[in-house]
There are 2 protein chains.
Amino acid sequence: MRITIPTLLLDKNKCLSNIRRMVEKADRNKIQLRPHFKTHQSAQVGEWFRDLGVEAITVSSVQMARYFANHGWKDIMVAFPANVLEMDVINELASRVKLHLIAVNLETVEALEEGLSHPVKIWIKADTGYRRTGILPHNHVDLDRLIEFFENCKMLRFEGFLAHDGHTYKQSDTAAIQTIHNTSVYLLQLLKNRYKSRFPHIQLSIGDTPSCSILENLSGVDEIRPGNFVFYDITQQRIGSCSYDDVAVCMACPVVAKHPRRNEIIIYGGSVHFSKDVLMLENGNANYGVGVELTNSGWSSPVEGLELVSLSQEHGIVRASREQFEKYHIGDLMFFLPVHSCLTADLMKGYMTLEGERLEHLSGVPMNEMKVY
Amino acid sequence: MRITIPTLLLDKNKCLSNIRRMVEKADRNKIQLRPHFKTHQSAQVGEWFRDLGVEAITVSSVQMARYFANHGWKDIMVAFPANVLEMDVINELASRVKLHLIAVNLETVEALEEGLSHPVKIWIKADTGYRRTGILPHNHVDLDRLIEFFENCKMLRFEGFLAHDGHTYKQSDTAAIQTIHNTSVYLLQLLKNRYKSRFPHIQLSIGDTPSCSILENLSGVDEIRPGNFVFYDITQQRIGSCSYDDVAVCMACPVVAKHPRRNEIIIYGGSVHFSKDVLMLENGNANYGVGVELTNSGWSSPVEGLELVSLSQEHGIVRASREQFEKYHIGDLMFFLPVHSCLTADLMKGYMTLEGERLEHLSGVPMNEMKVY
């Protein structure tokens, strides 16, 4: 493979191992894995899941649902508060796949029930601690109102309660993640118990990569929806969800300038490639990627003395040790594990496997190819 | 116009005023305006510049140069250290447009001279204070070596010195910006004087939006290359480059959930739409956009009581005053001026004018349409 511009490399073997590990964990726990496809957004990567028996998926937008529906997926959850402005596309999707939507407000479910022409599964988003969105488990007024509404719906089929423990992303302590997870399962069980006489088959769904990666026992729910684990990244490594060796994507960036007086290397690779997502190091420095080296079989473990300290639109600044500085020349490639693989993949709009195969990402798919089939 | 998903609105009148103001300022200063097109990356917005007499442009990648060359631009500077890995595309471009490249290292210019099959203009990037890349003006050893090399080049035609005062972005004091600008002009003049006996027609080029917007007198250089001014954003407002009323782009985002207990509204609009670029407020809060309201003729000045305080991949969290909270309902649109219009436009991959016209952005143009013409 000949790389001339910033390119997102994908190590298929690492990716397959990551997928397999999660599939096996779900099997051991006797729960469904409904992986979140917002991280890879790739029809081809989706096939690797299908090959391992995955049939139900999660996405974060109606557009993403349509993309994967067009690629043969039949059981799709849009794990984002239903956007009632997209009723037409929702109806088109509901006509051909088992579509799951989530809601937080009565106004939303009223508009859905009114606007839908095909049945969809509806989940209540519970806020079990993240405080982004969802209904608090003790907010019985709002919960009762929704449940009551669902009892008389023609189009909305109440399926269960769903939570996302995004606050695990701020932890780096396994015990803290265990406590967050246990709290969520406990609260979801309370919700199930409260409403099981009216809806006997209530499902419970959770799904953040840290909990699903770190914890062995995931019982107490019916379904997990992790997403980032397909690639992982250095944020997940720091949390403890993975080792550096599990990170399955890596940016390749050309060296375009060298500054010997300050041991800084300028790469072609900036915020329009990596994203502006940043890890703050203990020494107060910003970190936009962890330097590795290309090997015969992929890339190495992190290399000492290569810090990606700054990004502007197209430039990255690498602060190097003298030894590392001397290794790289104008026109060489440098390699960095990304801080946040979801955002980097979205910006890069595609992948190149180590075998040189190009894989697509939804963000690189022309909109006119996204029309209704 | 009917908006159902996050959409980047473009106020053509504001944009035209911004362009006209800069064209007139360049004329008054008797210098060339070579606007940086990396902010809009749009063929159609490019035409608005052309209508006002602009013929020479700046871009930040070879791919962007090709896009605008395909749209009839004939004088293009790639204001990014030349990436010698892209020699084939550089040669293709050099065969059909007046191409300007920039260099920092001898290795780069040696590789260019060796690999080029058509002449290109070459500029030395001087570091006049930003410390991203460029040669320090007192680094006579490296400068002399480059100049000497250029004296014997067949393909590289030395054009002059170029600087980018990116450190003005960290200022909010006109006097500081004036000092930065004066320093750059002074240093570039020193460089010109040092080498004018060997190259009598040395050109000087600068270009950051704060200096070019705020300062009236831009004499002492031959050319300015501001880019962001075409749209501006709230970062530039804070610097003092523009007023809120000059900001020509605005995100429209559907309301998907409401949390009355904490007066927070969840919008469909996250880091894959706005970018993760953030302004830190004096109270320590993060700010990802400034709330405005739609009016008959566009959008209003900033509205009190609407803070976009957090972004995840697709969600934005708006902290609202009670009054603002009550105004918005599920399925309404909310409107935010972006922190950094360049990154937002890159992610949004296109624009909708207030008249409902769709304008393209290079990042939404399929790669197969980008082949050599």
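How much of residues 248–355 of chain A is helix and how much is strand, and how far apart are the end C-alpha atoms? In this predicted model, that stretch is 17% helix and 46% strand, with its end C-alpha atoms 14 Å apart.

**View 1. Residues 248–355 of chain A, a range taken from a UniProt record.** The unreviewed UniProt entry lists these residues under "domain: D-serine dehydratase-like", an annotation that may be inferred rather than shown by experiment.

**View 2. Helix H2 of chain A and the elements against which its buried residues pack.** Helix H2 spans residues 43–51 of chain A, and its buried residues are A:Ala43, A:Val45, A:Gly46, A:Trp48 and A:Phe49. These buried residues pack against strand S1 (7–10), helix H1 (12–28), helix H3 (62–70) and strand S21 (358–360) of chain A. In an α-helix there are 3.6 residues a turn, so residues three or four places apart point the same way. Just after helix H2 of chain A, A:Gly53 adopts a positive phi of about 95 degrees.

**View 3. Strands S3 and S4 of chain A, which run parallel.** Strand S3 covers residues 56–59 of chain A, with A:Ala56 and A:Thr58 pointing one way, A:Ile57 and A:Val59 pointing the other way, and all of them buried. In a regular strand, side chains alternate between the two faces of the sheet. Four bridges join strand S3 to strand S4 (residues 75–81) of chain A, and A:Ala56 stands opposite A:Asp75 in strand S4. The chain passes from S3 through helix H3 to S4 of chain A in a β-α-β crossover that is right-handed.

**View 4. The salt bridge between A:Asp75 and A:Arg34, with its counterpart between B:Asp75 and B:Arg34.** Side chains of opposite charge can pair when their charged atoms come close. In chain A, the side chains of A:Asp75 and A:Arg34 meet at 3.0 Å, N to O. This pair links distant parts of the chain, with A:Asp75 in strand S4 and A:Arg34 in the loop between strand S2 (32–33) and helix H2 of chain A, 41 residues apart. Both A:Asp75 and A:Arg34 are buried. In chain B, the side chains of B:Arg34 and B:Asp75 also form a salt bridge, at 3.0 Å, N to O. Because B:Arg34 lies in the loop between strand S2 (32–33) and helix H2 (43–51) of chain B, and B:Asp75 in strand S4 (residues 75–81) of chain B, the pair ties together parts that are 41 residues apart in sequence. B:Arg34 and B:Asp75 are both buried.

View 5. The side chains of B:Arg262 and A:Asp127 meet at 3.9 Å, N to O. B:Arg262 is partly exposed, with a relative accessible area of 25%, whereas A:Asp127 is buried, with a value of 2%. A network of salt bridges links A:Asp127, A:Arg131, B:Arg262, B:Glu264 and B:Arg319.

**View 6. B:Gly305 in the loop between strand S16 (298–299) and strand S17 (306–311) of chain B.** B:Gly305 is partly exposed, with a relative accessible area of 27%. Not counting residues up to four places away in sequence, B:Gly305 touches B:Arg319, B:Ala320, B:Ser321 and B:Gln324.

How values were computed:
Residues numbered from 1 in each chain as written. Chains lettered and ligands numbered in written order. Predicted model: local features only at pLDDT ≥ 70, side-chain atom pairs only at ≥ 80, totals over all residues. Heavy atoms only, no water. Buried < 20%, exposed > 50% of the residue type's maximum accessible area, 1.4 Å probe, protein only. Helix = DSSP H or I, 4+ residues; strand = E, 2+ residues; numbered from the N terminus. Contact = heavy atoms within 4.5 Å. Pairing = 2+ DSSP bridges. Right-handed = clockwise from strand over helix to strand, strands pointing away. Salt bridge = Lys/Arg side-chain N within 4 Å of Asp/Glu carboxyl O.
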